[in-house]
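The sequence and structure come first.

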Amino acid sequence: MDGNGRWARSRGLRRIEGHRAAERSIHDAVEYCGEQGVQYLTLYAFSTENWSRPRAEVSFIMALLGSFIRRNIDSLNENQVRIKAIGRLDDLPRGPRKELDRAIIRTAGNEGLTLVLALSYGGRAEIVDAVRNLTADVVSGSLAPEDIDAEGIASRLYLPGIPDPDLIIRTSGEQRLSNFLLWESAYSEYYFTDVLWPDFRREHLEAAFSDYFTRKRRFGDVEPGKDQD
Ligand code: IPE
Ligand code: MG
């Protein structure tokens, strides 16, 4: 969800106004994904690298996280949204962490869209954490080094039950991964758009989905029934 700062600056506003304006885009995305029967939506809300931003901006985003959950939890719950989170959640300040934990527990039984919030998330940190976990099993003797495989690593990621993403959308014209779901995105389709996140609406998501459905996903294979010789 990139481009909040530029959105605000282009209007002569402070960067934090861009973060505030992002809420409407989140509503649109959650609503549209729910309607379309999307099962999982992960929002990259705050990265491990974002902690190095000016302290006032970080504090604002953290406070916004808490108040966002408080303001929206009732309607998310009514709409059967199930909230989950990935990242180094212990890095979050106590207030927003508590709101997050409460929201996760309260919505755990919902059966609609699973909304995953990536908070203090980094793809490398996630792999490091998985490797630490795996190493502990090797040291204790319950896992032999030769038995380490891709499934073993995947099963130690933050939310192993959630499938790899089919589509990853990046807004604001940047064309890079910025440490997002490094392991899980091995075969994801990417979609880049110049639209800044606070301007991103359901029609932009619709365009991304249409584009996605034109892609041929072969996962390294050839197309079945074709190109056999
Ligand atoms: C994304 O918008 C929000 C977060 C990373 C929290 P940015 O704040 O990165 O916006 P730009 O890239 O400066 O425009
Ligand atoms: Mg940015």
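The text below takes up the salt bridges and then the backbone.

The model is a predicted one. In it, 23 salt bridges are counted.

| Pair | N to O distance |
|---|---|
| Arginine 11 and aspartate 199 | 3.9 Å |
| Aspartate 28 and arginine 24 | 3.9 Å |
| Aspartate 129 and arginine 132 | 3.7 Å |

A salt bridge requires a side-chain nitrogen of Lys or Arg within 4 Å of a carboxyl oxygen of Asp or Glu.

**A pair between two loops**

Arginine 11 and aspartate 199 form a salt bridge through their side chains, at 3.9 Å from N to O. Arginine 11 sits in the loop between helix H1 (4–9) and helix H2 (15–36), and aspartate 199 in the loop between strand S5 (189–192) and helix H7 (202–212), so the pair ties together parts that are 188 residues apart in sequence. Both ends are partly exposed: the relative accessible area is 43% for arginine 11 and 31% for aspartate 199.

**Pairs within helices**

Aspartate 28 and arginine 24 belong to helix H2, where a spacing of 4 residues puts about one helical turn between them. Aspartate 28 is buried, with a relative accessibility of 11%, because buried means under 20% relative accessible area.

Helix H5 (residues 123–140) holds both aspartate 129 and arginine 132, which are 3 residues apart, about one turn of the helix. Arginine 132 has a relative accessible area of 56% and is exposed.

**A network**

Salt bridges also link Asp2, Arg6, Arg170, Glu174 and Arg176 in a network.

Most residues other than glycine have a negative phi.

Serine 172 is buried, with a relative accessible area of 7%, whereas serine 178 is partly exposed, with 33%.

Definitions and conventions: Residues are numbered from 1 along each chain as its sequence is written. Chains are lettered from A and ligands numbered from 1 in the order in which they are written. This is a predicted model: local features need pLDDT of at least 70, side-chain atom pairs count only at pLDDT 80 or more; totals for chains, interfaces and linings use all residues. Side-chain values use heavy atoms; hydrogens and water are left out. Buried means under 20% relative accessible area, exposed over 50%, partly exposed in between (1.4 Å probe, protein chains only).
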